[in-house]
Amino acid sequence: MSKHITHWIGGRPVATAGAAPRRGDIFDPATGQVTGHVDFAETAEVDQAVAAAASAFTEWRTASIAKRTSVLFAFRELLNARRDELASIIVAEHGKVHSDALGEIARGLDVVEYACGIPQLLKGGFTEQASTGIDVYSIRQPLGPVAIISPFNFPAMVPMWFFPIAVAAGNTVVLKPSERDPSAANFLAGLWKEAGLPDGVFNVVHGDKVAVDRLLEHPDIKSVSFVGSTPIARYVYETGTRYGKRVQALGGAKNHMLVLPDADLDLSADAAVNAGFGAAGERCMAVSVLVAVDPVGDELVEKIKQRIATLTVGPGCNGESEMGPLVTGQHRDKVTSYVESGLADGAELAVDGRKHPVTVEDLHGTPTADGFWLGPTLFDHVKPGMSVYSDEIFGPVLSVVRVASYEEGLALINDNPYGNGTAIFTNDGGAARRFQYEVEVGMVGINVPIPVPVAYYSFGGWKASLFGDAHAYGADGVHFFTRGKAVTQRWLDPSHGGINLGFPTNS
């Protein structure tokens, strides 16, 4: 049955009298079939969502921290109990395998659990007797209605990088998810409703640039959080700040993995395959360039080829699949074009993903040959001037660059315009320590290929991978979604309350 996804505003789906003026198709990437439609918001729907958020803010900001925390804990329990259901939704619309979808949800839950500690995170400072009879203290207060614009590759995790902390801190939210896999956002909205979040605190509008632009310019939106490609991140940052908003815009990446001659090559090969082809390479933290310090290049490439040959590519709902399809046919065709351009530029195609076998049936025996498939692809002897090196491909294409020394590899990474994530594989602690100090990248892994920080640190890159000063979640997230205020006070006459022998509560 074809599904219909519409906006979630004021605690419920928006009722529509007929088909929306504009809408998009929802695909099952494994079959290539249209499985539903999603309404695209016009300016009026965005304004309605912002109005709901603005109205709800008055009540939510005054709710006690104990009340907010209780809702966060309830949301956490519901999400944990229904994670399999959410994972199946992600598989059906994004195409990633079920285990990967569960991993995405688990990392989002980490941020929810971090936000459950909001009483500690919002504690200010206090100085008694700063001057005679004068005390000074600091507090942090919510911004108001905030916007979140999230990408297709993590329809649950990326929104959860932002909205748990935003909600816990007393803000209200308008989420604009990707139109390619919109159902996860509505599912999360339903969980918030069930958890007891007041209507209007969490809203979802679906659509395209029309919705994005209205959120960027709307006078009642106080901040914008974005994850996506670098050109759009720059646009979001420049437009949002022009309208006076606080903006954090996380952009693209070209993540390098430097392998030194002393590294464990089996561990390195495993890591390269896992980080290069997991989620079909549709990760902003995927390793897309392996920098091999010779003489290990030949052996390392051979080990990677052996591992690629064993990978099972098939529908995400099949428990045996290790890698699923790409999200749309258009994106698959774009990624495939890089295979052709790499060959034209003179790179050596060590593994051709266009020829990788695909499991053509899911668990229910449904043919999937028309899905958006491209197998893991490996290029060797790639040079920096080639498009497979310079462009963010966002697919299962791994490029191997050969260098003669650590210094040459470091210079290659530092010269890249992106600075999201990087990794070094070595058994030399001194080399690893030197690398983490010298490399100009925001997130560094040492024998860890995808160094996504845990929730109590912050996620974000350098250079063209980040616009704005605030990284996602962690301490940066708390500061982004709050404003600081310093209070200086003096009381000349003490006041006394009445007698109450009851046990004090925090309600």
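**Figure 1. Burial of Trp192 and Phe202 in the predicted model.** Trp192 and Phe202 are both buried in this predicted model. Their ring centres lie 6.3 Å apart with the planes at 40 degrees, so the pair is classed as tilted. Trp192 belongs to helix 7 (residues 183-195) and Phe202 to strand 10, and the pair links distant parts of the chain, 10 residues apart.

**Figure 2. The aromatic pair of Phe163 and Phe202.** The structure contains 16 aromatic pairs. One of them joins Phe163 and Phe202 in an edge-to-face arrangement, with 5.0 Å from centre to centre and 70 degrees between the planes. Because Phe163 is part of helix 6 (residues 157-168) and Phe202 part of strand 10 (residues 202-204), this pair ties together parts that are 39 residues apart in sequence. Phe163 and Phe202 are each buried. A single aromatic cluster is formed by Phe75, Phe163, Trp192 and Phe202.

Figure 3. Which residues of helix 9 are buried? They are Thr230, Ala233, Val236, Thr239 and Gly240. The cover over these buried residues includes helix 8 (209-217), together with strand 11 (223-227), strand 12 (246-250), strand 18 (418-419) and strand 22 (466-467). After helix 9 comes Gly244, which has a positive phi, near 80 degrees.

Figure 4. Asn255 is located in strand 13 (residues 255-259). With a relative accessible area of 3%, Asn255 counts as buried, since the limit for burial is under 20%. Two polar contacts of the Asn255 side chain are shown here. In one, the side chain reaches the backbone oxygen of Cys284 at 2.8 Å. In the other, a polar atom of the Asn255 side chain lies 2.9 Å from the backbone nitrogen of Gly421. When neighbours within four places in sequence are left aside, the residues in contact with Asn255 are Cys284, Met285, Ala286, Val287, Ser288, Val289, Asn420 and Gly421. For Asn255 and Gly314, the separation is 59 residues in sequence and 26 Å in space, C-alpha to C-alpha.

**Figure 5. Ser288 in strand 14.** Ser288 is placed in strand 14 (residues 287-293). Is Ser288 buried or exposed? Its relative accessible area is 13%, so Ser288 is buried. Residues up to four places away in sequence not being counted, Ser288 touches Lys254, Asn255, Val397, Leu398 and Ser399.

**Figure 6. Cys284 and Cys317.** Cys284 has a relative accessibility of 11% and therefore counts as buried. Cys317, by contrast, is partly exposed, with a relative accessible area of 36%. How many disulfides does a search of the whole structure find? The search finds zero. The backbone oxygen of Cys284 is reached by the side chain of Asn255 at 2.8 Å.

Notes:
Residues numbered from 1 in each chain as written. Heavy atoms only, no water. Buried < 20%, exposed > 50% of the residue type's maximum accessible area, 1.4 Å probe, protein only. Helix = DSSP H or I, 4+ residues; strand = E, 2+ residues; numbered from the N terminus. Contact = heavy atoms within 4.5 Å. Disulfide = S-S within 2.5 Å. Phe/Tyr/Trp six-rings, centres within 6.5 Å; stacked < 30°, edge-to-face > 60°. Polar contact = N/O pair within 3.5 Å; in protein donor to acceptor, adjacent residues only side chain to side chain.
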